[in-house]
Amino acid sequence: PVGHTLDLAAAALPAPPGMAEAVEAATCALPAYLSGHGYTPLGVPSLRELLAHRYTQRGLPTTPDQIMVMGGSLQAFALILRAFVSPGERVVVDHPTYPNVLEAIRQVPARTVPVPLGPDGWDVTMYEATLRQSAPRLAYLVPDFHNPTGALMPARTRERIAAITAKTRTLTVVDETLVDLALDLPASEMPPPLAAYDQSDHVLSVGSTSKCYWGGLGVGWVRAPASLVPTLLAARAVTDLGTSVLGQLTAAELVARHETILETRCAMLRSRRAALIDALQSHLPSWRFVRPPGGLSLWCELDAPVSSTLAVMAAQQGVRLAEGPRFGTDGAFERFVRLPFTLPEAELVEAVERLADVSAALASRTTERALPTGRGVRRPAADLTPVVT
């Protein structure tokens with residue numbers, strides 16, 4: 001019988017040590033806000049000031065009035081879509097990209113225009129040609145430890161993409177949710193934010209506490225050119241009037257201690273990444289991947305286009321997977337699967353051992369009728385809606 005379920009669908013960490021203390025400190029700060037109405041369309045000042053300071057430290061001068069605190073980076077992206085994109089308009093995305101963003105675009109409904117990521121990352125020539133040919137209303141990029149590939153966009157590429165953004169006047173959303181999870185280089189050597197090269201007020205940055213701190217906190221933000229903030233505020237007013245004050249104050253406590261927390265987080269992730277890589281090399285040596293310099297996951301290429309079938313069979317063995325097609329359009333990436341290295345080392349090894357058994361069983365079925373792949377795959381009842389983050 002299968003033991004406990006190992007969740008590799010969510011690339012997310014448990015809360016860090018000190019979370020309870022941060023909540024306690026935030027609770028002590030809360031009375032200062034209780035005499036007011038509690039609605040914070042831009043966010044509480046202390047958090048906005050900390051975030052603006054962090055952007056400035058990274059090379060992007062920012063004032064607190066350029067920060068809008070939201071209930072997460074996905075909510076921030078959905079707000080940008082609502083504010084600037086109309087049904088039928090085009091949105092350019094990396095391909096592969098974050099699955100929930102693809103669904104948010106479908107909900108507009110807008111038209112997704114994918115630009116493939118190559119083995120070396122972003123093809124600037126192809127990206128520019130796509131913008132010129134498709135005339136999108138919006139572009140969405142993940143330059144910092146890209147989800148799911150883990151790629152890091154070089155500074156020169158950021159500069160060129162910002163120039164293309166200005167020339168084509170394409171509003172561009174840069175997702176920086178994973179920017180602080182550098183595992184193979186010090187923070188001082190990270191490229192500047194893409195928005196630091198923006199000379200046309202067309203780049204918005206979104207971030208979140210979900211990957212570096214804890215998904216349960218529910219705090220994210222938009223860093224926008226000052227000229228776009230009024231439009232965002234007007235769009236927000238029809239859905240919500242602010243994020244939890246206690247959550248924001250807790251986030252402020254964590255951001256204020258980011259150096260200590262991130263040092264511990266990154267050391268833990270290095271160990272878990274090494275354990276996952278060693279297990280794959282031992283038990284699934286034919287799976288191919290590039291060791292990412294940061295982030296939370298490996299993007300693995302399989303021997304055959306069986307990702308969806310593999311996910312179904314793995315669920316039956318107690319391993320939840322995010323199959324490749326979730327990260328693309330039109331059934332792409334059946335040869336890929338994302339494997340986060342967020343579980344403890346022993347659980348990662350156990351998950352890979354189970355996947356090796358599943359992979360062997362799948363290979364042995366070559367003489368039998370194959371399960372359908374792609375959207376038509378029937379999932380076990382217990383795994384109908386695995387969370388993919």
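**Strand E11**

I began with strand E11, where both faces are covered: Phe336, Arg338 and Pro340 on one side and Val337 and Leu339 on the other are all buried, buried meaning under 20% relative accessible area, exposed over 50% and partly exposed in between (1.4 Å probe, protein chains only). I note that this is a predicted model, in which local features need pLDDT of at least 70 and side-chain atom pairs count only at pLDDT 80 or more, while totals for chains, interfaces and linings use all residues. Residues are numbered from 1 along each chain as its sequence is written, and side-chain values use heavy atoms, with hydrogens and water left out.

I counted 5 of the 5 residues of E11 (residues 336–340) as buried, so the strand is largely enclosed by the rest of the structure; helices (H or I, at least four residues) and strands (E, at least two) are DSSP runs, numbered from the N terminus. I kept in mind that in a regular strand the side chains alternate between the two faces of the sheet.

I then looked up the partners of E11, taking two strands as paired if DSSP finds at least two bridges between them. Strand E9 (residues 297–301) pairs with E11 in the antiparallel sense over 5 bridges, and Ser297 stands opposite Pro340. Strand E10 (residues 319–323) also pairs with E11 in the antiparallel sense, over 2 bridges, and there Glu323 has Val337 as its bridge partner.

**Leu339 and the cores**

I listed the contacts of Leu339 (heavy atoms within 4.5 Å) and, leaving aside neighbours within four places in sequence, found Leu8, Leu276, Leu280, Trp287, Ser297, Leu298, Cys300, Leu321 and Leu355. For the cores I used sets of buried Ala, Val, Leu, Ile, Met, Phe, Trp, Tyr and Cys residues joined through side-chain atoms within 4.5 Å. In the largest nonpolar core, of 83 residues, Trp287, Leu321 and Leu339 touch the most other members. The largest share of this core, 8 residues, comes from helix H9 (residues 258–283). Apart from it lies another core, of 30 residues, among them Phe77, Val85, Tyr140 and Val206.

**Helix H10**

I found helix H10 (residues 307–316) mostly covered, with 8 of its 10 residues buried, and these pack against E10, E11 and helix H11 (345–363). Just after H10, Gly318 takes a positive phi of about 80°.

**Helix H6**

I checked the span of helix H6 (residues 155–168), whose 14 residues reach 20 Å from the first C-alpha to the last, close to the 20 Å expected at 1.5 Å a residue, the expected span being 1.5 Å times one less than the number of residues. The buried residues of H6 are Thr157, Arg158, Ile161, Ala162, Ile164 and Thr165. They cover an arc of only 160° around the axis, which puts them on the same side of H6; the arc is that of the directions from the helix axis to the C-beta atoms. On the other side of H6, Arg156 and Lys167 are exposed.

What covers the buried residues of H6 includes helix H5 (124–134) and the strands E5 (138–141), E6 (171–175) and E7 (203–208). I looked at Arg158 separately, since at a relative accessible area of 0% this arginine is buried; among the residues that Arg158 touches, not counting those up to four places away in sequence, are Asp144, Pro191 and Tyr197.

**Cysteines**

I searched for disulfides, pairs of cysteine sulfur atoms within 2.5 Å, and the structure holds 0 of them. For Cys212, the nearest cysteine sulfur is that of Cys266, 7.5 Å away.
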